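Could you look over this one with me before we go further? I have put my comments as numbered points.

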Amino acid sequence: MLLGLATASAACVCFGFGSVFQARGARSVPRADRVRVGLLAGLVRSWQFVLGTLLDILGFVLSIVALRTLPLFLAQAVTNASLAVTAAAAVWLLGARLRRGDLAGILAVVVGLTLLALGSGQEGRNHAAPAFHWALLATTAVVLAATLVLVRRGGNVAAAGLGLLAGIGFGVTSLAVRVLDVSGPLAALTDPAAYALALGGLGGYLAYALALQRGTVTAATAAGTVTETFGPALVGVTALGDAARPGFEWCALTGFAVAVGGTFVLSRFGELEGASAELSAPHRDAEAAPAVPPR
């Protein structure tokens, strides 16, 4: 468990710092009203978005160990607590200021993760029935199709919807990592979970980037953060056998709720602090709003 906690914590740091750069890069690209090559090309030309994406990739590689060795409710809660790291990174890199609510959110995350770690037991199964693998792949197809519909809309409703889709895509990726057949190269290549992993990540990042362009940071990230955390955790407990330590179920449940609640509170950080950070840093490009949402 110690190795899993170490890699999950390192992934959390990568995701937190990556979000600061990724959000600025996404908002420096002209707003897109449909999915097209120009949007992807613009994101690739933004060094900030590329740096943020590279940090996200490194975080994902580190999180693979956590997802394979920890209960999903613990692994997801730790990695998705990256917004606490994002808040600290924004203070350092963007000159943002923490409000009382932000400090309370960070404290809740720390306390919640501590309780969750104390109450967590061993992870459940790393395999599932073939139907489960195919269901993950089918879910990614739904996410991509729904993204193509919502991309034509604007405002906070569309941003929240796209954020929700991003959370589902990232959640599918986590589940696919957990159940992927790694007994050999051929087994991995013929496993639907492998393609769900790739398409879920791609669909999640696409929906996330589009959500950042359409509404407030809170609308774009709050629903996705909760979905990405609760969805895999629930599936892990009900379908894969994840469980808390005997007699410590209350500790794990309380810690999970407090940690996710703190992350939800912190989803407002980028929206509230982005403007003040921009005003305090006149040397930055004014077109790149420094909103700092989580992954």
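1. Ground rules. This is a predicted model, so to speak of its confidence cut-offs: local features need pLDDT of at least 70, side-chain atom pairs count only at pLDDT 80 or more, and totals for chains, interfaces and linings use all residues. Residues are numbered from 1 along each chain as its sequence is written, and side-chain values use heavy atoms, with hydrogens and water left out.

2. Length of α12. Helices here are DSSP runs (H or I, at least four residues), numbered from the N terminus. Helix α12 takes in the 18 residues 249–266, and at 1.5 Å a residue it should span 26 Å; the end C-alpha atoms are 26 Å apart, which agrees. The expected span is 1.5 Å times one less than the number of residues.

3. S120. You'll find S120 in the loop between α6 (100–119) and α7 (130–150). S120 is buried, with a relative accessible area of 4%. A polar atom of the S120 side chain lies 2.5 Å from the backbone oxygen of L116. Leaving aside neighbours within four places in sequence, S120 is in contact (heavy atoms within 4.5 Å) with M1, F73, L74, A243, A244 and R245.

4. Second largest pocket. About 230 Å³ of space lies here. On a 1 Å grid over the protein atoms alone, a pocket is an open set with protein on both sides within 12 Å along at least five of seven lines, a cavity is a set of points where a 1.4 Å probe fits but cannot get out, and lining residues have an atom within 4 Å of a point. The lining includes F73, A243 and A244, along with A252, L253 and F256. α11 (217–239) and α12 are the elements that give two or more residues to this lining.

5. Second largest cavity. A77, N80, A81, T225, T229, A259, V260 and T263 line it. The largest share of that lining, 3 residues, comes from α12.

Key
Buried < 20%, exposed > 50% of the residue type's maximum accessible area, 1.4 Å probe, protein only. Polar contact = N/O pair within 3.5 Å; in protein donor to acceptor, adjacent residues only side chain to side chain. Points joined across faces, edges and corners; volume = space filled by probe spheres on them.
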